[in-house]
Amino acid sequence: MSGDASHETMRITLKVWRQSNAEADGRIETYHVSDVSPHMSFLEMLDVVNERLLGQGKDPIAFDHDCREGICGACSLMIDGRAHGPEAETTACQLHMRHYNDGDTIHVEPWRANAFPVVRDLVVDRSAFDRIIAAGGFVSTPAGSACDANSLPIAKENAELAMDAAACIGCGACVAACPNAAAMLFTSAKVAHLSLLPQGQPERDARVIAMVDAMDDEGFGNCTNHFECMAACPKGISVENIARMNREYLRASLVSRSVE
Amino acid sequence: MATTAASTALDSKCPTGPIENRWDQHRFDLKLVNPANKRKFHVLVVGTGLAGASAASTLAELGYRVSAFCIQDSPRRAHSIAAQGGINAAKNYPNDGDSIYRLFYDTVKGGDFRARESNVYRLAQVSNNIIDQCAAQGVPFAREYGGVLSNRSFGGAQVSRTFYARGQTGQQLLLGAYSSLMRMVGQKRVTMYSRREMLDVVKVDGVARGIICRNLTTGEYERFAGDAVVLCTGGYGNVFYLSTNAKACNVTAAWRAHKQGAFFANPCYTQIHPTCIPVSGSYQSKLTLMSESLRNDGRVWVPKAKGDKRRAADIPDDERDYYLERRYPSFGNLVPRDVASRAAKERCDAGYGVGATGLSVFLDFRDAIQRDGIETIRAKYGNLFQMYEKITADDPYRVPMRIYPAVHYTMGGLWVDYNLESTLPGLFVLGEANFSDHGANRLGASALMQGLADGYFVLPYTIGGHFAGRALPAVQASDPAFDSAEATARGRTDSILAVNGSRTVDAFHRELGRLMWEHCGMARNDAGLRRAHDDIRALREEFWQDVRVPGPAASFNQNLEHAGRVADFLEFAELFSADALQRTESCGGHFREESQTDEGEAQRQDDEFSFAAAWEFQGVGEPETLHKEPLEFEYVKPSQRSYK
């Protein structure tokens, strides 16, 4: 780790997936980048490449990004085959070039999953996640109908566990990392968050069944316990949530009030 | 530079009578829309942050037909998500003397007496409903062992009224509003349009009846007709290029509505947050905020000797200048944001700044760690320390953080009346996009409160007055008004592509940001503002001569999106400088060097400037017309803020 590296620069070779739209064939393009400062974020390094391409009248590399502080979940780069790159619990926007060495070659690709079609270059369509939430990832409480917040005490331990699960940023790294392209970490984080809280109880059974059905309908795979999702998750969401979702699903299937 | 008109065009529609009854009385006086008729009205909600998501879901729950639009790939990513610290409410759960009146009082005073009393009181009243609503949605607020909600003091407040969810309060509140929105989407009561950018408001018979969007995936232009348009499109801090805002934050929707007749109020009111990670190089793309809660335990200092380049640990205590503690002995490191920011700039400008650039000051936890132990400090700030280390590679447990102020929030925005309706009838503006509640400076943990107040508990009532009180004949998207609005939007994009010059969009944006920071930043003066005004015009002319944006237009083209936003910032920046120039007083976040006390503190000029400045568009490059809405203080009497 460099203390004052403000004057050092590195040369990096990038191999980047380029694809002009969902239907087009993609290809890997090579870019040589000099003057990479170790203090740059990975996305700032891509900005530098794009400024150069634009200066030459060429198409810049499309990639999703917004807050650049690791919370919006927009950035979604597969870096050398790892979702968000080599650093644990770090989104691509928070990954800094000081973790690379002069002369390194880095491969950058989009998330790969049938349920996440490529829009352009490194940008994918993650609207499937919105549809999973729309199927049941909520508490039905219209504005104005709430009781006083302190009339519903919640054990601190449960509140903390719920918060651990609710920290999900919806980036999709779990899907990208999973050999089955499963969305079970994402879906289970929401199921766990709400099933741990009293507010979530009235819709507990319906929620888990609807969300799992939606997940399957979107074409995501299922969990076979590789735990790659947890390793890739920039927020450290635990696979214990998947166990909780499976238990919730089984329980809901057994106690479901509707008769098919 | 500006012409002044009588303020007859502005009717704030504020109720009168005892302040605690005004909102109740107003709600009673508003006309209601019959439940069976609500489905006949179609509302277009632009933006899905706290204000937009809460408004869209609540209007749909009431039975209105709603279409919602966002520029991100999902409504869950709006920049409200990045708010760290918390949300204020007057619950008084800690039993420490808080009340609706005290929250109201603190907010009016904190805004340096440049906000409307009626609006602020209403905000304080509904703050309690917000906490109830969010808790009911399952927002995992911090709790005590007994299961009740936990509170903390924030931003120097004398009471503990801030609710929080670790350092991710904005995220959790937004995901709560987003879950309600998605529930309505799932029930087909809201139609959601993601990756859409609003490029114009369509007026029919003088009323906002639709919008023109560009589909950011395909590049196609789309028309949406409705019975009301609700803008929840956030603030314009990115006019400075470097800010704590997300990269996509922009002024485009607000600016284009302004061109259609919505007055823009107090554009110069900008909040500069004192505790951000400093700029490290010319490639810097954004700035990251470190929660102001750090000032509860961190001590701010610079070396006493100019240009002292020793490591912090090698500088003994008697050679350190704890300048906030020195200048403000009673508030010390907890002075309000604007005061702390200016003090840091003063030290750095005088040559005492630290780090390679000399543009930063130390925020030191050494004494707190010695006093409370490292584990206590880790429990309080662990996630923030980790974030700081990720970005800077410095470990704040061992060496002091380096911080510098950065643009964070914009109190100015489209002018709205008490109903949150702009001067363009049928166009409502919520959240940071409006100007209403914070005056010249916003208190910590109040932005989340205002966004959700507007969306959950104000607009759902006031929009009924528009539907029940105005004739709204059916309008189709085939109306000629849509033809001309679409042609304008298309034409602007096409003319950007046609320039085919030599400089990139980002180069123009960075140069605009430097100009704004230099002349319209933390301290402003007459000569600098006049200079900025001329330089902004020259830069705008150069943009239209020399920008280079590769096509094609009809595709996913992020550079073209950015170009359109920078083109609007270049027009808006001129208004910003004109507003800062006319306000020759200092107030809140707006510091005019000509108006300071003998001790160098901000000096208001109440006789001359107790008004909201609402600007009316007259054409690009033409001076705008200034309308003044007088501000009256019946309850909280204006006084000079003092933190000595």
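Predicted model: local features only at pLDDT ≥ 70, side-chain atom pairs only at ≥ 80, totals over all residues.

Trainee: OK, how many helices and strands does chain A have?

Mentor: Chain A has eight helices and seven strands, and its C-alpha atoms fill a box of roughly 65 × 45 × 35 Å, taken along the principal axes. Of its 260 residues, 53% count as buried, where buried means that 20 or more other C-beta atoms lie within 10 Å of the residue's own, exposed means 12 or fewer, and partly exposed is in between, with C-beta atoms placed from the backbone.

Trainee: And what are the scores of the model?

Mentor: The ipTM is 0.97 and the pTM is 0.97. For chain B, the average pLDDT is 95, and 99% of the residues score at least 70.

Trainee: Switching to the interface, how many residues of chain A are in contact with chain B?

Mentor: Taking two residues as in contact if their C-beta atoms, placed from the backbone, lie within 7 Å, 69 residues of chain A are in contact with 61 residues of chain B. On the chain A side, the elements that give two or more residues are α1 (42-55), β6 (118-120), α2 (127-136), α3 (156-166) and α5 (184-195), and the largest share, seven residues, comes from α1(A).

Trainee: What is that side made of, by class?

Mentor: The side of chain A that touches chain B has 35 nonpolar, 18 polar and 16 charged residues. In this scheme Ala, Val, Leu, Ile, Met, Phe, Trp, Tyr, Cys and Pro count as nonpolar, Asp, Glu, Lys and Arg as charged, and the others, Gly among them, as polar.

Trainee: What do the buried residues of α3(A) pack against?

Mentor: They pack against α5 and α8 (240-255) of chain A together with α6 of chain B; among these buried residues are Leu161(A), Met163(A) and Asp164(A). Helix α6 of chain B spans residues 169-186 and holds Ser180(B).

Trainee: Is Ser180(B) buried or exposed?

Mentor: Ser180(B) is buried, with 27 other C-beta atoms within 10 Å. Not counting residues up to four places away in sequence, Ser180(B) touches Phe138(A), Ser57(B) and Gln137(B). The C-alpha atoms of Ser180(B) and Thr58(B) are separated by 8.3 Å, although the two residues are 122 residues apart along the chain.

Trainee: New topic: in what order do the five strands of the open sheet in chain B run?

Mentor: The order is β12-β16-β15-β13-β14, with antiparallel pairing, and two strands pair if DSSP finds at least two bridges between them. β12 and β14 (320-321) of chain B stand at the edges, each with a single partner strand, so one side of each is left without a neighbour in the sheet.

Trainee: Last one: which residues touch the most other members of the largest nonpolar core?

Mentor: A nonpolar core is a set of buried Ala, Val, Leu, Ile, Met, Phe, Trp, Tyr and Cys residues joined through C-beta atoms within 7 Å. The largest one has 292 residues, of which Val175(A), Val46(B), Val230(B), Leu231(B) and Leu414(B) touch the most other members. The largest share of this core, 13 residues, comes from helix α16 (residues 558-582) of chain B. Val46(B) touches, among others, Phe69(B), Met198(B), Ile211(B) and Ala253(B), not counting residues up to four places away in sequence.

How values were computed:
Residues numbered from 1 in each chain as written. Chains lettered and ligands numbered in written order. Helix = DSSP H or I, 4+ residues; strand = E, 2+ residues; numbered from the N terminus. pLDDT = per-residue confidence, 0-100.
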